[in-house]
Amino acid sequence: MSTTPTISWSEDRSARTDQSNRSDQPARSAHWHSESCAPPPRRVVVADDSTKAATAYQLACEGTALLWQGDFHNARQLLQAMGRRIDRKANPARPDATPAESFHLHRRARGHRARVLGKLLVLLEDDHSLTLRRAPDVRRACTEAYGPPRGGRAVSLTELLGVIGAHQWREKGVEVPALGDGVRVHPHYGVFSPVRGEYVDLVAQAPLPANPRTAFDLGTGTGVLAAVLAHRGLSHVVATDISPRALACARENAGRLGLADRVEVGGPALYPEGRADLVVCNPPWLPARPTSTVEQGVYDPDGTMLHGFLHGLADHLRPGGEGWLVLSDLAEHLGLRTREALLTAITTAGLRVTDRLDTSPHHPRARDTTDPLHQARAAEVTSLWRLIPD
């Protein structure tokens, strides 16, 4: 039987930044929660507005977590100051590195940054509230991300800021021109947001197979592609995902858009039962291991979802039907996958390509010359591959 992990600390001011664990004060404890499944820190000291950024950075690099008890906005400033120290000490990009080496070095640097900044903690009360000075009301955002309150918990400030940001995106929504002027979908925490619209536009513009009635949208996320297919006239769209959060998000968006009678959300699974005239899949584009829930929309370990889609497609198509694989070639530019490997996987699955529609991304990172992966991002092309059984 698993137990909930906890952290413990002393309120003794002399122990706040002292390397000693000695304290005359009894230890306090709290449940530990991490969406990225980071283990609870072994040592925790209390920090407040008097804590210097240099001290906090040193402790965090050594693995000591700092439980913040000062002003909320000062905690954010401390986090930024620690981030600047990490960036100053970061190893410069190697000019002789291959694209794959640059990618792995970039991921390693981001992982180190996340681990160090993740050592600054805050304590959520039993009702998900923060008692810090000038703290925002985070109860609704935390309930959306963590579910109903079940007692207090300690979380990293970086995670909490992500929860707050996700709540703001959920409230505001993301505009999807393919669904009409001003129409938005509302992403939930931990569900990949369709802020890059080029792949949505491909699905909105690609020629449909003859007389399609039903479609499957695999890995639906927010449900945006299922909504686009229903908007294009498909009478029955089944949207699937392996994430319970994504299923709830897609179901909510279908209701918001008035499509609940045409978009059926099911799972957790990749393929639903039965066959369809059209099967659409926009798998994560990079064959690498995600380090958090949100990264599952970007990274697909060993291309598991991609290969699952390809090898299951022929058995889930009706006669005359086709599959649409929506995929960026960023992995190819980064040396993580070759075009030959992709074409071989398609052929091995008993499929052939009848057409390919291409588009270039327009997001700001494609133009950011300071990005270590700029060369690959600038050359990126997103494609919709039209596939049929061979």
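This is a predicted model: local features need pLDDT of at least 70, side-chain atom pairs count only at pLDDT 80 or more; totals for chains, interfaces and linings use all residues.
1. The pairing of β5 with β6 is antiparallel and runs over four bridges.

2. Stepping back, the open sheet has six strands with mixed pairing, in the order β1-β2-β6-β5-β4-β3. Its edges are β1 (6–9) and β3 (44–47), each of which pairs on one side only. On average, neighbouring strands are turned by 40° against each other, direction ignored.

3. Helix α5 (residues 157–172) spans 23 Å from first to last C-alpha over its 16 residues, close to the expected 22 Å. Its buried residues include L157, L160, V163 and I164, along with E159 and R170. The buried residues of α5 pack against β5 and β6, and also against α2, α4 and α8. Just after the helix, G173 has a positive phi of about 85°.

4. Now the rings, where there are two aromatic pairs. F103 and Y299 have ring centres 6.4 Å apart and planes at 45°, so this pair is tilted. F103 belongs to helix α3 and Y299 to the loop between β12 and α9, so the pair ties together parts 196 residues apart in sequence. F103 is buried at 2% relative accessibility, and Y299 is buried at 12%.

5. Y199 and W285 make an edge-to-face pair, 6.3 Å centre to centre with 90° between the planes. Y199 counts as buried at 5% relative accessibility.

6. For your charge–ring list: the charged end of R107 sits over the ring of Y299, 4.0 Å from its centre. The charged end of K172 sits over the W169 ring, 5.7 Å from its centre.

Notes:
Residues are numbered from 1 along each chain as its sequence is written. Side-chain values use heavy atoms; hydrogens and water are left out. Helices (H or I, at least four residues) and strands (E, at least two) are DSSP runs, numbered from the N terminus. The expected span of a helix is 1.5 Å times one less than its number of residues. Buried means under 20% relative accessible area, exposed over 50%, partly exposed in between (1.4 Å probe, protein chains only). Contact means heavy atoms within 4.5 Å. Two strands pair if DSSP finds at least two bridges between them. Axes are lines fitted to C-alpha atoms, for helices over the stretch in contact, and angles run from 0 to 180 degrees between N-to-C directions. Rings of Phe, Tyr and Trp (its six-membered ring) pair if their centres lie within 6.5 Å; planes under 30 degrees apart count as stacked, over 60 as edge-to-face and the rest as tilted. A charge sits over a ring if NZ of Lys or CZ of Arg is within 6 Å of the ring centre and within 35 degrees of the ring normal.
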